[in-house]
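Hi everyone, thanks for making time this morning.

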Amino acid sequence: MRVAVWVVVLVLWVSLAVAAPEIELQVHAVPTGDNLIANPGFEQGESEWPDGWSCTSNQPTGVTRVWSDHALSGKRSAEVVNTTTAGSGYWLQRVAVEPNREYLLTARTLIEGGKVLVRALGERDGQTLRGFDRRAYDMHVLSDPLVPVFWRAEWVMGMTREPWAPVNLIFSTATDPAPQSVMVHLGSYFAPGTCWFDDAYLGPGTLTLGYHVTGPVARVQVLDAHGKVLGDSGALAAGATDCQGEVEGLPLGGRYRVQATGPGGEVADAWYPAPQGGE
Ligand SMILES: [Ca+2]
């Protein structure tokens, strides 16, 4: 089954010198297989809790979960209410995984406040697998006065976000040892606020890399990390100042480069994922 929901992972802006092309990237993660998560829309269940999901919290009185009737799809979603900077709490589901695979874990997420964590914690032989702890963070506003200084910039997917935008985690099980399962965590990470999750997905996927180049531009190419050309605008008309395109079906775990060449031969680059500097 191909899930025809495209989700925006990240918008990157690369600002360059005057007269050089400017490149905006929009990368979408596309689910391409069966969803390994049970009850992904939190619709099934009786009485108090949705089927297939459990929970954990380090502050059970400060972080509470609600089987919410506020939903993106259907009638229900999974809500987490966090009242303390000392608290974290998650909805949990164990999902079997296979070795040597690239997986997409994503959930549409409404963040009224606080910080969201989407996590795949590896397990093997019934134990947590040390060293396999994959995480993606998101939050509503970067400038929140409660933001601790130790938050790293790459944890934050956007200064502001659209309601029910996805939080995406891409992880590989090409590790030694490989996990036999992951414990999916969807929840609130050490910041007060309320968040909701709906339409979770874990399974195979691809990336669609879109670009928008502005400024004087003669040609745009999309390349992989080895320099192989994956997309090419060809020579643009003289005087062109705008070029858009996209490449579909890219492997989840790859690195990609959009290269824009100006009319004078000057070259601007934008990478996905963005280089991680300063660490
Ligand atoms: Ca739902």
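**Contacts, strands and a core**

Let me begin with contacts: among those in the chain with a separation of 6 or more, 74% are between residues 24 or more positions apart. Please keep in mind that what you're looking at is a predicted model.

Now the secondary structure. The chain has 20 strands and zero helices. As for burial, 35% of its 279 residues are buried.

Let's turn to one strand, β13, which covers residues 181-189. How much of strand β13 is buried? Seven of its nine residues are, so the rest of the structure largely encloses this strand.

Who are its partners? One is strand β8, residues 88-96, which runs antiparallel to β13 and is joined to it by nine bridges. If you'd like a pair to find on the screen, R94 has M183 in β13 as its bridge partner. Another is strand β10, residues 115-124, also antiparallel to β13, with eight bridges between them. Here you can look for E123, which stands opposite S181 of β13.

On to the core. The largest nonpolar core holds 57 residues, and the ones touching the most other members are L105, V118, L186 and L209. Which domains does this core draw on? At least three of its residues come from domain 1 (7-31 + 206-272), and at least three from domain 2 (45-203).

Let's finish with V118. Leaving out residues up to four places away in sequence, V118 touches L105, A107, A136, V167, L169 and L186.

Thanks, folks!

Definitions and conventions:
Residues are numbered from 1 along each chain as its sequence is written. This is a predicted model: local features need pLDDT of at least 70, side-chain atom pairs count only at pLDDT 80 or more; totals for chains, interfaces and linings use all residues. A residue is buried if 20 or more other C-beta atoms lie within 10 Å of its own, exposed if 12 or fewer, and partly exposed in between; C-beta atoms are placed from the backbone. Helices (H or I, at least four residues) and strands (E, at least two) are DSSP runs, numbered from the N terminus. Two strands pair if DSSP finds at least two bridges between them. A nonpolar core is a set of buried Ala, Val, Leu, Ile, Met, Phe, Trp, Tyr and Cys residues joined through C-beta atoms within 7 Å. Domain bounds come from an automatic or database domain assignment. Two residues are in contact if their C-beta atoms, placed from the backbone, lie within 7 Å.
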